[in-house]
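Biologist: Hey, I'm new to this one. Can you walk me through it?
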Amino acid sequence: MAAGAGTASAATARCAGGRPLIITEDPLLLDDLLRLCAAAGAEPHVHHEVPEPSGEGGPGGGAGWESAPLVLVGDDAARRVRGAPRRDGVFLVGRDLDDPVVWQRAVEIGAEEVLRLPDAENRLVDRIADVVEGAGRPALAVGVIGGSGGAGASTLACALAVRAARTGERTILIDGDPLGGGMDVLLGGEAAEGLRWPDFAGSRGRVGAGALEESLPELHALRVLSWDRGDRVVVPPAAMRSVVAAARRRGGVVVVDLPRRVDEAVAEVLAQLDLVLMVVPGELRAVAAAGRVAAGVRMVARDVRVVVRGRCPGGLEPEAVAELLGAPLAGEVPVEVGLPGRVAEGEPPGAQGRGALARFCDGFWQRALGSAQGVPA
């Protein structure tokens with residue numbers, strides 16, 4: 001097989017996740033790598049040299065050089081690996097990598113990166129965990145924030161998640177506003193079993209994507225991370241960052257209901273979002289308030305767009321609202337008659353497929369998920 005070429009089965013194995021391959025004879029380095037694999041939830045294959053091709057694709061998830069999703073080569077084994085076919089996902093690992101010859105060996109074996117332990121332990125655990133979880137393209141992450149009080153941001157966030165889930169997208173709805181009353185309540189599932197934000201408050205390192213998803217309440221075909229009815233209203237920024245990153249890791253859609261105040265924890269969330277929708281009523285006072293909110297959001301978010309909710313007699317046109325805020329117009333959501341009553345009876349926003357809210361959300365996702373850039377133009 002030519003260098004750099006891979007079989008279709010090998011490529012499939014790498015995309016689908018599996019067991020990493022460790023090649024080393026250094027017992028101390030092997031102990032370190034086994035420990036890091038255990039931290040990432042991976043059970044690796046271990047060899048002293050490049051496995052024979054007959055081991056590829058066999059039981060256990062791909063023990064071969066080309067079929068393993070990730071290859072960790074100890075610096076002691078670099079010479080023995082030098083003749084192996086070139087492939088992606090090879091890392092040269094060691095503890096003493098100051099010797100310039102080590103970097104030459106990395107080039108010779110086609111390593112993507114040289115990792116020095118213990119400095120690179122966190123990065124290596126992340127890469128191994130990605131393999132275990134079969135990480136691919138991250139989820140499209142959309143935040144929703146109210147430009148003024150009572151703008152209806154939580155309602156829109158909930159409806160967006162409900163409509164995304166009904167298209168078959170893997171969907172996670174995250175309640176980023178501890179004072180908002182709880183997105184699980186809006187979905188009629190405040191008594192549903194599953195973890196809430198306070199359960200993740202101590203998270204500092206990587207949170208497993210699969211473990212997170214399975215631990216959350218499932219309501220209306222989506223997973224929701226909300227607040228409990230306790231007194232805790234603060235989650236450390238590191239925990240916010242880890243949880244949102246885990247939610248995105250398996251693809252699909254992540255919708256975040258954001259508070260109007262941008263603190264350090266909210267900034268961690270904003271930094272991971274592809275798009276922020278700011279909901280603004282079409283009246284001058286609301287636009288003035290939204291201008292202050294937008295100033296804080298723009299310091300972190302990469303893309304902020306305006307959704308105008310409802311029209312008041314003598315109010316502003318949607319295009320005028322967007323122009324005053326200096327942001328693109330994402331659309332207009334008319335006030336939906338009867339929605340508060342239906343929500344009170346346990347029907348979530350967006351459930352009425354023919355309603356104005358559902359039509360807006362369906363159009364938004366059609367553009368967003370169909371765009372090559374992942375967000376609508």
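This is a predicted model: local features need pLDDT of at least 70, side-chain atom pairs count only at pLDDT 80 or more; totals for chains, interfaces and linings use all residues.

Biologist: Which residues of β10 point which way?
Modeller: Val253, Val255 and Asp257 point one way, while Val254, Val256 and Leu258 point the other way.

Biologist: And which strands pair with β10?
Modeller: Strand β6 (residues 140-146) pairs with β10 in the parallel sense, over six bridges. There, Val144 has Asp257 as its bridge partner. Strand β7 (residues 171-175) also runs parallel to β10, joined by five bridges. One of the pairs there is Thr171 with Val253.

Biologist: Switching topic: how many salt bridges are there in the whole structure?
Modeller: A search finds 21. Glu213 and Arg250, for instance, meet in one, at 3.7 Å from N to O. That pair links distant parts of the chain, with Glu213 in helix α8 and Arg250 in the loop between α9 and β10, 37 residues apart.

Biologist: Is Glu213 buried or exposed?
Modeller: Glu213 counts as buried because its relative accessibility is 16%, under the 20% cut-off. Arg250 is partly exposed, at 41%.

Biologist: Which residues are linked in a network of salt bridges?
Modeller: Asp26, Asp32, Arg35, Arg95 and Glu121 are.

Biologist: Last one: which residues form a nonpolar patch on the surface?
Modeller: Leu179, Val233 and Val234 do, with about 300 Å² of accessible area together. Val234 sits in the loop between β9 and α9, and Val234 is exposed, with a relative accessible area of 55%.

Note on methods. Residues are numbered from 1 along each chain as its sequence is written. Side-chain values use heavy atoms; hydrogens and water are left out. Patches are made of residues with over 30% relative accessible area and no salt bridge: like charges are joined within 9 Å, nonpolar side chains (Val, Leu, Ile, Met, Phe, Trp, Tyr) within 5 Å. Accessible areas come from the Shrake-Rupley method with a 1.4 Å probe; for residues, only the protein chains shown count as cover. A salt bridge is a side-chain nitrogen of Lys or Arg within 4 Å of a carboxyl oxygen of Asp or Glu. Helices (H or I, at least four residues) and strands (E, at least two) are DSSP runs, numbered from the N terminus. Buried means under 20% relative accessible area, exposed over 50%, partly exposed in between (1.4 Å probe, protein chains only). Two strands pair if DSSP finds at least two bridges between them.
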